[in-house]
Amino acid sequence: MPKRSGTPADDPFAGRHPTSHERNSGLPWDASYHHGPAPWDIGRPQPALVRLASEGEFAAAVLDVGCGTGENALHVASLGFSVLGVDVAETALAIAREKAAERRIQVEFVAGDAFQQIPKVPGTFDFVFLDAWKKDYKRFFDMVYPRLDKHGLFLAHNVVNKRSEMGDFLDAIQKQPSVWTTIVSPSGEGMSVTLKR
Ligand SMILES: C[S@@+](CC[C@H](N)C(=O)[O-])C[C@H]1O[C@@H](n2cnc3c(N)ncnc32)[C@H](O)[C@@H]1O
């Protein structure tokens, strides 16, 4: 018997609302993780993040938005920080949880659209790392900024090679007087580092 369209089996989003990128592309983020590592998955934490962490720039509560298979979250947690990783791709999170178990590192991983999941988590953050859909960066920043502690840091990945997709975000972090931003680009992808004054 042919499958009826509109059944749950036909729904690549398994009943949840697609994220903005998923709506545009028609594909779930999860599909990127189905056939081996996703193109952006470098299998180790981002060097700029490692360096900041080693310099003691983090404090207590760390949020990793678009954590993927968890290399950044796991690295920071291994240094003793409390880390929450959020990603909408279940396959990526399953890999992240396996790595955490293998390495015996404690990280809280939450599956779902970060725009819906983060408001459900109580408290504030000292450090936020953003590496999700680039066109959503300004919306992510607006959502998280009120919950970033004073002198907290907000890092965003790909601000050089994907800058054309995030003009509104770059304007906000570079012009808003309540923050101070610098951009580092050891690899050409570029990472913004924004301090809440
Ligand atoms: C470019 S990948 C980066 C993954 C990871 N940070 C890494 O370095 O491998 C972007 C990730 O953001 C996730 N993502 C995109 N939009 C999201 C959203 N609205 N909520 C949660 N995760 C999202 C995707 O599933 C994907 O894993």
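In the hairpin formed by strands E6 and E7, six residues lie between the strands, and Gly188 adopts a positive phi near 95°. Strands here are DSSP runs of E with at least two residues, helices are runs of H or I with at least four, and both are numbered from the N terminus. E6 (residues 179-184) and E7 (residues 191-196) run antiparallel and are joined by six bridges; two strands count as paired if DSSP finds at least two bridges between them. Within this pair, Val184 stands opposite Met191 in E7.

The model is a predicted one, in which local features need pLDDT of at least 70 and side-chain atom pairs count only at pLDDT 80 or more, while totals for chains, interfaces and linings use all residues. Residues are numbered from 1 along each chain as its sequence is written.

A parallel pairing is found between E2 and E3, over four bridges, with Leu84 opposite Glu108 in E3. Together with H4, these two strands make a right-handed β-α-β unit; right-handed means that, with the strands pointing away from the viewer, the path from the first strand over the helix to the second runs clockwise.

The loop between helix H4 (90-103) and strand E3 (108-111) holds Arg104, whose phi is near 55°, a positive value in a residue other than glycine. Most residues other than glycine have a negative phi. Arg104 counts as exposed because it has 7 C-beta neighbours inside 10 Å; the classes are buried for 20 or more other C-beta atoms within 10 Å, exposed for 12 or fewer, and partly exposed in between, with C-beta atoms placed from the backbone. Ala14, in the segment before helix H1 (20-25), also has a positive phi, near 50°. Ala14 is exposed, with 10 other C-beta atoms within 10 Å.

Strand E2 (82-87) also takes part in the ligand site: this strand and helix H5 (114-117) each supply at least two residues of the shell. In total 21 residues surround the ligand, the closest being Trp29, Gly66, Gly68, Ala114 and Asp131; a residue is near a molecule if its C-beta atom, placed from the backbone, lies within 6 Å of it. The shell has 11 nonpolar, six polar and four charged residues, where Ala, Val, Leu, Ile, Met, Phe, Trp, Tyr, Cys and Pro count as nonpolar, Asp, Glu, Lys and Arg as charged, and the others, Gly among them, as polar.

Helix H6 (residues 137-144) contains Lys138, which counts as partly exposed with 17 C-beta neighbours inside 10 Å.
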